[in-house]
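These are my notebook entries on one structure. I went from single residues to the whole chain and wrote down what I looked up.

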Amino acid sequence: RSVETDSLLYSAPVAAYTDSIRAFPDHAPYYFERGGILYSLHHYDLARKDLGKAVQLDSTEAAYTFALAEINAADGEWQAALEGYRRSLRRQDADQQIRLRMAFVLFQQQQHERTLRQLDTLLEQIPAKEQDYGLQARSYEAMGDTASALEKMRKAVHADTANYDALMGRGDLLSAVHRQEALTWYDKASRLDTTQ
């Protein structure tokens, strides 16, 4: 390890977990906790290493594979992130957060049909939220299906009438098809957040 890495691992608030790992090197939760702190500090390589060790020590804990997937997604390692989400889903098929994050990564990879399949499964499990419909709308828009995108964004606004992003999204979609109604939605959004 480099001097810089050692310095980081023995700095607050990481040092307590580093000491615990030295004392109990086979205790996965310590790697998980330290990896989480390193992730929050944007030290993705070190966080990935700790979470990888946690998974190695306890491959049955879905939280470890999910956290490792989150680190990979934050660092733009999309394929590794998708694999981590898939592994997490094999252990917790009904976990909506995992499925939503997986849909987001699929969207980032422009795999829109797969994004929609994940969201359809998610919407079968839970009452829809504006973010689910919003991501569906963005996927349909990217596929060139403006009518479906508008319908999903309408549902997003209906799910949360005080969501700035949903209001702006509806306005943007209406504007893209040159409908005057877009101004109404922009006006609603601007009244909701005057700082934008």
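The words have cut-offs: buried is under 20% relative accessible area, exposed is over 50%, and partly exposed lies in between, with a 1.4 Å probe and protein chains only. I noted that this is a predicted model, where local features need pLDDT of at least 70, side-chain atom pairs count only at pLDDT 80 or more, and totals for chains, interfaces and linings use all residues. Residues are numbered from 1 along each chain as its sequence is written, and side-chain values use heavy atoms, with hydrogens and water left out.

I then looked for aromatic pairs, and the structure holds 4 of them. Rings of Phe, Tyr and Trp (its six-membered ring) pair if their centres lie within 6.5 Å; planes under 30 degrees apart are stacked, over 60 edge-to-face, and the rest tilted. F32 and Y64 are tilted, because their ring centres are 5.0 Å apart and their planes are at 40 degrees. F32 lies in helix α3 and Y64 in helix α5 (residues 62-74), so the pair ties together parts that are 32 residues apart in sequence. Helices here are DSSP runs (H or I, at least four residues), as are strands (E, at least two), numbered from the N terminus. Y64 counts as buried, at 7% relative accessibility.

I found L41 in the loop between α3 (28-40) and α4 (44-57). L41 is partly exposed, with a relative accessible area of 40%. From L41 to A149 I noted 108 residues in sequence and 37 Å in space, C-alpha to C-alpha.

How many helices and strands does the protein chain have? I counted 12 helices and 0 strands. The radius of gyration is 21 Å, well over the 16 Å that the globule rule gives for 196 residues, so the chain is more spread out than a compact globule. That radius is taken over C-alpha atoms, and the rule is 2.2 Å times the number of residues to the power 0.38. The C-alpha trace spans about 65 × 40 × 25 Å along its principal axes. Buried residues make up 40% of the 196 residues.
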